[in-house]
Amino acid sequence: MIPVQSKVRLFAFICSLLISAALCRHSPTGTGDDQGTEVETQSLNGKWILRNNNGSLNLPAEVPGCVHTALHKQNFIQDPYYRFNDLDYRWISLDNWTYSLTFDVPHSTRRMKRVILLFDGVDTVSTITLNGVTIGTTDNMFRSYEFEVGGLLNAKDNLLEVGFMSAVTYASQRDHAHSEYKVPPACPPPVQKGECHVNFIRKAQFSFSWDWGPSFPTQGLRGVELQAFNFIRLQSFTASTAWDSSLSCWNVEVELFFDVAVATDGCFTLLLPELKVFQKFQLSIKPDQTRKALHLQIPSNVSVDLWWPNGHGQQTQYLLFMEGRTESRVTFHTETPVAFRTVELVQEPIPSSPGLSFYFRVNGRPIFLKGSNWIPAHAFLDLVTPDTLRNLLQSAVDANMNALRVWGGGVYEQDTFYSLCDELGIMVWQDFMFACALYPTEQDFIETVREEVVQQVRRLKSHPSIIVWSGNNENEAAIATDWFGIPVAERPRYVKDYVTLYVENIRTVVQKEDKTRPFLVSSPTNGVESEKEGFVAHDPYDPHYGDTHFYSYLNNCWDWRLFPRTRFASEYGFQSWPSLSTLSKVSKPDDWNYLSSFSAHRQHHELGNTQMLMQAALHYILPNSTDALKHYRDTLYITQVMQAQCVKMQTEFYSRSRSEIIDGEGHTMGALYWQLNDIWQGPSWSSIEFGGKWKILHHFAVDFFSPVQAVGFEENDTLKIYGVSDLSTDFNFTVTVTVYEWSSVTPVCTEVSDPCVLKGGEAMLMMQVSVPTLLRDCGKCDRNSCLVTYDLKDPANSNNQHGPIGHLFLTSPKEAGLQPPNIKASVERDGDMFAFTLHCEVVAVFVWLDVGDVAGRFESNGFLLLSLKRTVRFFPWRPTSVEELSKKLYITSLRDVY
Ligand code: BMA
């Protein structure tokens, strides 16, 4: 399919022809505008004025924008991310700021019957006045707000003011007012250096600090507009598709949400030019019935291309046109992409296993979800650009991911995010924005949440990428496993609040608004089993049901026996530090020490810096250079090596567990590690650094999420190689196992399995060999002197390798005989890219090429270097040269850090 954008012109033409045939006739006709039939809009975005509470600060501020970005832009403050500025600038969010705008309104607007002031997003608690009259208040950053301002507007110099109250103050007041019982947690752990009672405000929960991010409780505006009309206005519309199994055909349901000043009849046409399908609808629209649903049936003889997740087929989307005209001569024209796909969440008994399955079936095909968890890309959301989103989401796809979970402590992402996911085939697990806390259930809180849910579901439901709604992050687990020390006698009250919020309100609203997707109450959850147990299961981490989150920082991550063989791993991970080039943007050379106060300050997870090194020390010799800067860089590097290898081990365990049941556990159908991206430059679980640079882990993900791969591991001295396939058909493969000595790139010996059929969509044991026998037969090898690689090949052509080459250490590298590799490199231009050619005479592991602040991406990095010569290409994101790259190139391998 050609991209949606390029179809627009062609179809607009076809459309106009078809529409003129399809439209209902009205008389008399006329352009209408001069009679005031159309909606007039006036954007109030752009330059506003911002002042603090006592008026000591007064500055220009952009809308969309927030106080912090305005202050930074006007040089009142430095980069808030620099060093300790998050603490120094705490005063900003404790103050109450007012945005004001003076604007004129044309006569044509003011004479309209209805004039609406529309706020696309208000962050968060504010009182809004127009010409001195209060027109409304806000308390929820996840909603839009509309206010009637008809009689209040003058021709000139209207004064619009949005007076914010500090979100921190508000949250604390709400907690105080909730005196009957506590709603924990009161405050984040001190290591997070955050603010308290974030659960009392409908604001992004991470904004009061998280274990990977700073506390910047912003105040700001996302978009303001005046809309004026005499008759009717289309507020929003949705377009979703559903398969009708009884008629064996697709239906497109379009919902139109009107704001009606005067009742009218109308004629509407839906048109899918590519499918040559259209239909007319006569509607009678009354002021009290604002929702109208139109159903367009696609005849069963029309062939429709489906939308598939990345790696499973095309992401076909069709343009749907909606044209309408009312008797009051108001016209409507909209167009939107629509896609055809089904999604089911399958929870059914599995033979020989207690519990239930938990997997997604898309278009009838069971799909293993491969991916990660998404957090907001910046603490100041106005700074998240479409380019940033595209870069990150393309990185996800380039690492063979097909799914991301939009985590409940962040935000419902901007439209562009979901459009990109639609285009790229990234399935979205969409949480509602509640995380790691209990929540109040006062009437006004519930009401604002209900409105939030209605608006967000209507905004997002047309996106095929979204495959599941989920009520919250970890709040079932928080109650079930008693995170907050609630006395047993008091638990029922909290369970009741939980059910009130997520089941009786959020679930009810979602199920009314969207019948096309499953809804889960929490993550992790036991799914239908949790429901049976009153929505808070005895053990929401039960591997026999639903999804699990699993973290263990100090246990040996190479020991796969310690991982839960869950049905679906929706969170697991390990921290690492970003590279020096990323950190140097917000630090100075004094900070470049793992024990510096800067290193401690950026770490928001208790004991995180120590844990990383303790996990690393299980397998690697820790850096010991006497050169302070090298020591620091090597330490950053070793944390990334540790993280990449740990997440690889765990992910491979999940991938190979997809088709088997062992001791009643297995059929794992998802691996979403925590977390994809970063919010600032600091240590975290991310595989991509703030700014887009891939960590070693992200390069590893390319391989461990590969569509077809060999996964090797050891069990009781036996090397077992599984084939794992996401392909839709079966393939015949052999497995080749090769043994290398650390001291040479010439293989010591090779063993090839018999050919064997790897079924599409399955994982199966393809080869097993005794490690002692293999080493003995090889001759000059033992566990310390050698390592093993393996891959899948075409039986008819052994040069035809499928998937990546995997490797297994036969002992911890700290015990193995790694040789100093002394890698030599040269750089050459290769069109828009650069080719880095490496020469090395021994096996080098975790070879990391770093070109500092030259943003871009290596095609492979952090790899095992197994040949005398290897060329790796680099794709820069900005102009650079051979000279610059050669000068900045810094190569590290595991043997180089000690
Ligand atoms: C999970 C997430 C986040 C957190 C991460 C790492 O449980 O849901 O709350 O950042 O763990 O601790």
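This is a predicted model: local features need pLDDT of at least 70, side-chain atom pairs count only at pLDDT 80 or more; totals for chains, interfaces and linings use all residues.
## The ligand site and inner spaces

Residues are numbered from 1 along each chain as its sequence is written, and side-chain values use heavy atoms, with hydrogens and water left out.

### Around the ligand

Let us begin with the shell. Trp 210, Asp 211, Trp 212, Trp 407, Cys 436, Asn 473, Glu 474, Tyr 551, Glu 571, Trp 674 and Trp 685 surround the ligand, each having a heavy atom within 4 Å of it. By class, this shell has seven nonpolar, one polar and three charged residues. In this scheme Ala, Val, Leu, Ile, Met, Phe, Trp, Tyr, Cys and Pro count as nonpolar, Asp, Glu, Lys and Arg as charged, and the others, Gly among them, as polar.

Polar contacts are pairs of N or O atoms within 3.5 Å; within protein, one must be able to donate a hydrogen and the other to accept it, and residues adjacent in sequence count only if both atoms are side-chain atoms. The side chain of Asp 211 has an N or O atom 2.5 Å from an oxygen atom of the ligand. For Trp 210, the distance from a side-chain N or O atom to a ligand oxygen is 3.0 Å, and for a polar side-chain atom of Tyr 551 it is 3.3 Å. The protein covers 91% of the 300 Å² of accessible area that the ligand has on its own, as given by the Shrake-Rupley method with a 1.4 Å probe; for residues, only the protein chains shown count as cover.

The pocket itself is lined by 34 residues, with Gln 192, Trp 210, Asp 211, Cys 436 and Trp 483 nearest its centre. Its lining comprises 21 nonpolar, eight polar and five charged residues. Strand 11 (residues 208–210) supplies the largest share, three residues. Helices (H or I, at least four residues) and strands (E, at least two) are DSSP runs, numbered from the N terminus.

### Spaces compared

The volumes below are the space filled by probe spheres set on the grid points, which are joined across faces, edges and corners.

| Space | Volume |
|---|---|
| Second largest pocket | about 680 Å³ |
| Largest cavity | about 140 Å³ |
| Second largest cavity | about 100 Å³ |

In total, the structure holds ten cavities of 30 Å³ or more. Of the 14 residues lining the largest cavity, Ser 579, Arg 633, Tyr 637, Trp 848 and Asp 850 lie nearest its centre. Two or more lining residues come from each of helix 13 (580–583), helix 16 (628–656), strand 46 (844–850) and strand 50 (890–892). Helix 16 gives the most, with five residues.

The lining of the second largest cavity includes Ala 239, Ser 240, Thr 241 and Arg 341. Strand 14 (residues 232–244) gives the most to this lining, with three residues.

### Backbone points to check

Most residues other than glycine have a negative phi, and most peptide bonds are trans. The bond from Val 63 to Pro 64 is cis, with omega near 0°, and Pro 64 is in the loop between strand 3 (58–63) and strand 4 (65–66). Another cis peptide bond joins Asp 123 and Thr 124, with omega about -5°. Asn 131, which is not a glycine, has a positive phi of about 50°.

Terms used:
On a 1 Å grid over the protein atoms alone, a cavity is a set of points where a 1.4 Å probe fits but cannot get out, and a pocket is an open set with protein on both sides within 12 Å along at least five of seven lines; lining residues have an atom within 4 Å of a point.
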